[in-house]
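Biologist: Please take me through the terms used for this model, and say what each one rests on.

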Amino acid sequence: EKEGKKGVEIFLQDSEGNTIARAFTNQKGEFAFEQVRPDEAYSFKSAGVDMNSEIRIFNQDGEVIESIKPNDSGEFVYIRLKESDKIITITNEENVTVRVAEEEKFNLPAIYFELDEFRLGQRADLVLNKLISILEDNPHVAIKLAGHTDSKGEASYNLKLSQQRIESVKRYLVKSGIAAGRISGQGFGETRLVNRCDDNVECSEAEHAENRRIEIQFYSTD
(Lines give C-alpha, C1' and ligand atoms only; values in the text may rest on other atoms or scores of the structure.)
Protein backbone atom coordinates (compact mmCIF):
# COMPACT_ATOMS: atom_id res chain seq x y z
CA GLU A 1 0.00 0.00 0.00
CA LYS A 2 1.14 3.53 -0.68
CA GLU A 3 1.37 4.60 2.92
CA GLY A 4 3.27 7.42 4.56
CA LYS A 5 2.60 10.57 6.52
CA LYS A 6 -0.64 11.05 4.62
CA GLY A 7 -1.81 7.47 5.09
CA VAL A 8 -3.14 5.13 2.42
CA GLU A 9 -4.01 6.67 -0.93
CA ILE A 10 -7.59 5.94 -2.04
CA PHE A 11 -8.79 6.46 -5.61
CA LEU A 12 -12.44 7.04 -6.46
CA GLN A 13 -13.69 5.88 -9.85
CA ASP A 14 -17.01 6.50 -11.54
CA SER A 15 -19.23 3.88 -13.17
CA GLU A 16 -17.22 4.14 -16.40
CA GLY A 17 -13.91 3.45 -14.71
CA ASN A 18 -12.62 7.03 -14.75
CA THR A 19 -10.68 8.21 -11.70
CA ILE A 20 -12.50 11.30 -10.50
CA ALA A 21 -10.89 11.97 -7.11
CA ARG A 22 -8.28 10.75 -4.67
CA ALA A 23 -7.74 11.10 -0.94
CA PHE A 24 -5.48 9.85 1.83
CA THR A 25 -6.63 8.12 4.99
CA ASN A 26 -5.92 9.72 8.34
CA GLN A 27 -4.64 7.88 11.41
CA LYS A 28 -8.14 6.57 12.09
CA GLY A 29 -8.49 5.18 8.57
CA GLU A 30 -10.98 7.90 7.60
CA PHE A 31 -11.06 9.66 4.24
CA ALA A 32 -13.45 11.96 2.39
CA PHE A 33 -13.96 13.18 -1.16
CA GLU A 34 -15.19 16.74 -1.68
CA GLN A 35 -17.33 18.16 -4.51
CA VAL A 36 -17.81 14.81 -6.25
CA ARG A 37 -20.39 14.82 -9.02
CA PRO A 38 -23.26 12.35 -8.56
CA ASP A 39 -22.92 9.00 -10.30
CA GLU A 40 -24.91 5.80 -10.05
CA ALA A 41 -22.01 3.70 -8.79
CA TYR A 42 -18.56 4.37 -7.38
CA SER A 43 -15.51 2.16 -6.95
CA PHE A 44 -12.85 2.70 -4.30
CA LYS A 45 -9.34 1.43 -5.05
CA SER A 46 -5.96 1.47 -3.31
CA ALA A 47 -2.58 -0.12 -3.99
CA GLY A 48 -3.20 -3.00 -1.60
CA VAL A 49 -6.45 -4.32 -0.18
CA ASP A 50 -7.10 -6.47 2.88
CA MET A 51 -9.93 -8.73 1.71
CA ASN A 52 -11.29 -8.77 5.28
CA SER A 53 -11.56 -5.00 5.49
CA GLU A 54 -14.61 -2.86 4.78
CA ILE A 55 -15.46 0.70 3.87
CA ARG A 56 -18.31 2.41 5.68
CA ILE A 57 -20.20 5.16 3.85
CA PHE A 58 -21.56 7.97 6.03
CA ASN A 59 -24.20 10.56 5.25
CA GLN A 60 -23.89 14.24 6.16
CA ASP A 61 -25.31 13.56 9.63
CA GLY A 62 -22.57 11.04 10.42
CA GLU A 63 -24.88 8.03 10.07
CA VAL A 64 -23.61 4.86 8.40
CA ILE A 65 -25.71 4.32 5.28
CA GLU A 66 -23.80 1.35 3.90
CA SER A 67 -20.87 -0.97 4.70
CA ILE A 68 -19.15 -2.51 1.70
CA LYS A 69 -16.68 -5.39 1.41
CA PRO A 70 -14.16 -5.84 -1.41
CA ASN A 71 -15.21 -7.97 -4.37
CA ASP A 72 -13.03 -10.67 -5.95
CA SER A 73 -11.10 -7.97 -7.83
CA GLY A 74 -10.27 -6.09 -4.64
CA GLU A 75 -12.64 -3.23 -5.44
CA PHE A 76 -15.08 -1.66 -3.03
CA VAL A 77 -18.19 -0.85 -5.09
CA TYR A 78 -20.84 1.50 -3.77
CA ILE A 79 -24.19 1.58 -5.58
CA ARG A 80 -25.57 5.04 -4.91
CA LEU A 81 -29.03 4.58 -6.42
CA LYS A 82 -31.04 1.68 -5.10
CA GLU A 83 -34.07 -0.02 -6.65
CA SER A 84 -36.16 1.21 -3.71
CA ASP A 85 -35.23 4.87 -4.29
CA LYS A 86 -37.52 7.32 -6.02
CA ILE A 87 -35.31 8.57 -8.84
CA ILE A 88 -35.46 12.01 -10.44
CA THR A 89 -33.71 12.83 -13.70
CA ILE A 90 -32.43 16.39 -13.89
CA THR A 91 -30.16 18.49 -16.07
CA ASN A 92 -27.39 20.06 -14.01
CA GLU A 93 -25.69 23.43 -14.44
CA GLU A 94 -23.23 21.89 -16.91
CA ASN A 95 -26.14 20.70 -19.08
CA VAL A 96 -25.41 17.08 -18.17
CA THR A 97 -28.30 14.72 -17.41
CA VAL A 98 -27.92 13.08 -14.01
CA ARG A 99 -30.12 10.89 -11.86
CA VAL A 100 -30.60 11.64 -8.18
CA ALA A 101 -32.73 10.09 -5.47
CA GLU A 102 -35.28 11.92 -3.40
CA GLU A 103 -34.02 12.22 0.19
CA GLU A 104 -30.43 12.26 -1.13
CA LYS A 105 -28.51 15.19 0.34
CA PHE A 106 -26.02 17.34 -1.51
CA ASN A 107 -23.91 20.12 -0.06
CA LEU A 108 -24.17 23.42 -1.86
CA PRO A 109 -20.69 24.86 -2.47
CA ALA A 110 -19.81 27.43 0.15
CA ILE A 111 -22.32 30.26 0.32
CA TYR A 112 -20.74 33.33 1.82
CA PHE A 113 -22.44 35.20 4.63
CA GLU A 114 -21.07 38.13 6.54
CA LEU A 115 -19.51 37.02 9.85
CA ASP A 116 -22.28 36.18 12.35
CA GLU A 117 -24.78 37.54 9.83
CA PHE A 118 -27.58 36.04 7.77
CA ARG A 119 -27.19 38.49 4.89
CA LEU A 120 -25.69 37.02 1.76
CA GLY A 121 -22.13 38.05 0.95
CA GLN A 122 -21.02 39.38 -2.43
CA ARG A 123 -19.83 35.98 -3.69
CA ALA A 124 -23.01 34.07 -2.83
CA ASP A 125 -24.64 34.86 -6.16
CA LEU A 126 -21.99 32.81 -8.00
CA VAL A 127 -23.31 29.67 -6.28
CA LEU A 128 -26.99 30.54 -6.16
CA ASN A 129 -27.17 31.51 -9.81
CA LYS A 130 -26.11 27.96 -10.70
CA LEU A 131 -28.93 26.61 -8.53
CA ILE A 132 -31.35 29.01 -10.22
CA SER A 133 -30.21 27.69 -13.59
CA ILE A 134 -30.95 24.12 -12.47
CA LEU A 135 -34.41 25.07 -11.24
CA GLU A 136 -35.20 26.97 -14.45
CA ASP A 137 -34.11 24.01 -16.60
CA ASN A 138 -36.01 21.48 -14.47
CA PRO A 139 -39.54 22.79 -13.81
CA HIS A 140 -40.53 19.32 -12.52
CA VAL A 141 -38.22 19.70 -9.50
CA ALA A 142 -38.68 21.31 -6.08
CA ILE A 143 -35.98 21.68 -3.45
CA LYS A 144 -35.64 21.45 0.31
CA LEU A 145 -32.80 23.35 2.01
CA ALA A 146 -31.24 22.62 5.40
CA GLY A 147 -28.98 25.12 7.13
CA HIS A 148 -26.28 24.12 9.61
CA THR A 149 -23.77 26.02 11.74
CA ASP A 150 -20.73 25.08 13.78
CA SER A 151 -20.94 24.77 17.57
CA LYS A 152 -19.27 28.08 18.38
CA GLY A 153 -21.62 30.40 20.25
CA GLU A 154 -24.90 29.68 21.98
CA ALA A 155 -27.02 26.86 20.56
CA SER A 156 -30.15 29.03 20.54
CA TYR A 157 -28.34 31.77 18.64
CA ASN A 158 -27.01 29.28 16.07
CA LEU A 159 -30.47 27.80 15.54
CA LYS A 160 -31.92 31.23 14.83
CA LEU A 161 -28.98 32.21 12.62
CA SER A 162 -29.26 29.05 10.49
CA GLN A 163 -32.97 29.64 9.94
CA GLN A 164 -32.36 33.27 8.99
CA ARG A 165 -29.72 32.18 6.48
CA ILE A 166 -32.11 29.72 4.87
CA GLU A 167 -34.71 32.48 4.59
CA SER A 168 -32.09 34.71 2.93
CA VAL A 169 -31.40 32.04 0.32
CA LYS A 170 -35.12 31.50 -0.29
CA ARG A 171 -35.67 35.24 -0.76
CA TYR A 172 -32.83 35.40 -3.27
CA LEU A 173 -34.27 32.51 -5.30
CA VAL A 174 -37.79 33.94 -5.28
CA LYS A 175 -36.53 37.40 -6.23
CA SER A 176 -34.78 35.73 -9.17
CA GLY A 177 -38.05 34.28 -10.46
CA ILE A 178 -38.27 30.86 -8.80
CA ALA A 179 -41.78 30.14 -7.48
CA ALA A 180 -41.87 30.17 -3.69
CA GLY A 181 -43.87 26.94 -3.68
CA ARG A 182 -40.88 25.09 -5.11
CA ILE A 183 -38.63 25.99 -2.18
CA SER A 184 -38.82 24.81 1.42
CA GLY A 185 -36.18 24.91 4.09
CA GLN A 186 -35.27 24.75 7.74
CA GLY A 187 -32.35 25.74 9.94
CA PHE A 188 -30.91 23.19 12.37
CA GLY A 189 -28.17 25.25 14.01
CA GLU A 190 -25.52 23.06 15.61
CA THR A 191 -27.78 20.03 16.16
CA ARG A 192 -26.44 18.01 13.20
CA LEU A 193 -22.68 18.27 13.32
CA VAL A 194 -20.78 16.11 10.83
CA ASN A 195 -17.74 15.66 13.06
CA ARG A 196 -16.70 15.61 16.73
CA CYS A 197 -16.62 19.39 17.15
CA ASP A 198 -19.31 20.00 19.72
CA ASP A 199 -19.10 22.51 22.60
CA ASN A 200 -16.84 20.24 24.64
CA VAL A 201 -14.19 19.60 21.98
CA GLU A 202 -11.38 21.91 20.89
CA CYS A 203 -11.23 21.93 17.09
CA SER A 204 -9.38 23.74 14.34
CA GLU A 205 -11.09 26.35 12.20
CA ALA A 206 -11.03 23.91 9.26
CA GLU A 207 -12.90 21.31 11.34
CA HIS A 208 -15.49 23.86 12.42
CA ALA A 209 -15.92 24.92 8.79
CA GLU A 210 -17.08 21.40 7.86
CA ASN A 211 -20.20 21.99 9.93
CA ARG A 212 -21.07 25.35 8.34
CA ARG A 213 -23.02 24.14 5.34
CA ILE A 214 -26.28 24.26 3.43
CA GLU A 215 -27.66 20.95 2.21
CA ILE A 216 -30.08 20.54 -0.65
CA GLN A 217 -32.50 17.76 -1.57
CA PHE A 218 -34.42 17.47 -4.84
CA TYR A 219 -38.05 16.36 -5.11
CA SER A 220 -40.26 15.67 -8.06
CA THR A 221 -43.36 17.83 -8.47
CA ASP A 222 -44.86 15.52 -11.10
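Modeller: Two strands pair if DSSP finds at least two bridges between them. In β12, Ser 184 is the bridge partner of Lys 144. The model is predicted, so local features need pLDDT of at least 70, side-chain atom pairs count only at pLDDT 80 or more, and totals for chains, interfaces and linings use all residues. Residues are numbered from 1 along each chain as its sequence is written, and side-chain values use heavy atoms, with hydrogens and water left out.

Biologist: How do you know that β11 and β12 pair?

Modeller: Strand β11 (residues 141–148) and β12 share five bridges, in the parallel sense, and the requirement is at least two.

Biologist: What makes β10 and β12 edge strands?

Modeller: The open sheet has the order β10-β13-β11-β12, with mixed pairing. β10 (106–107) and β12 (183–187) each pair on one side only.

Biologist: Why are α1 and α2 called oblique?

Modeller: The axes of α1 (residues 124–137) and α2 (residues 155–175) come within 10 Å and cross at roughly 55°. Angles under 35 degrees count as roughly parallel, over 145 as roughly antiparallel, 65 to 115 as roughly perpendicular and the rest as oblique. The two helices are therefore oblique to each other.

Biologist: Which residues in α1 and α2 meet?

Modeller: Contact means heavy atoms within 4.5 Å. Asp 125, Leu 128, Asn 129, Leu 131 and Ile 132 in α1 meet Val 169, Tyr 172 and Leu 173 in α2. Of the residues in this contact, six are nonpolar, one is polar and one is charged.

Terms used:
Axes fitted to C-alpha atoms, helices over the stretch in contact; angles between N-to-C directions. Helix = DSSP H or I, 4+ residues; strand = E, 2+ residues; numbered from the N terminus. Nonpolar A, V, L, I, M, F, W, Y, C, P; charged D, E, K, R; others polar.
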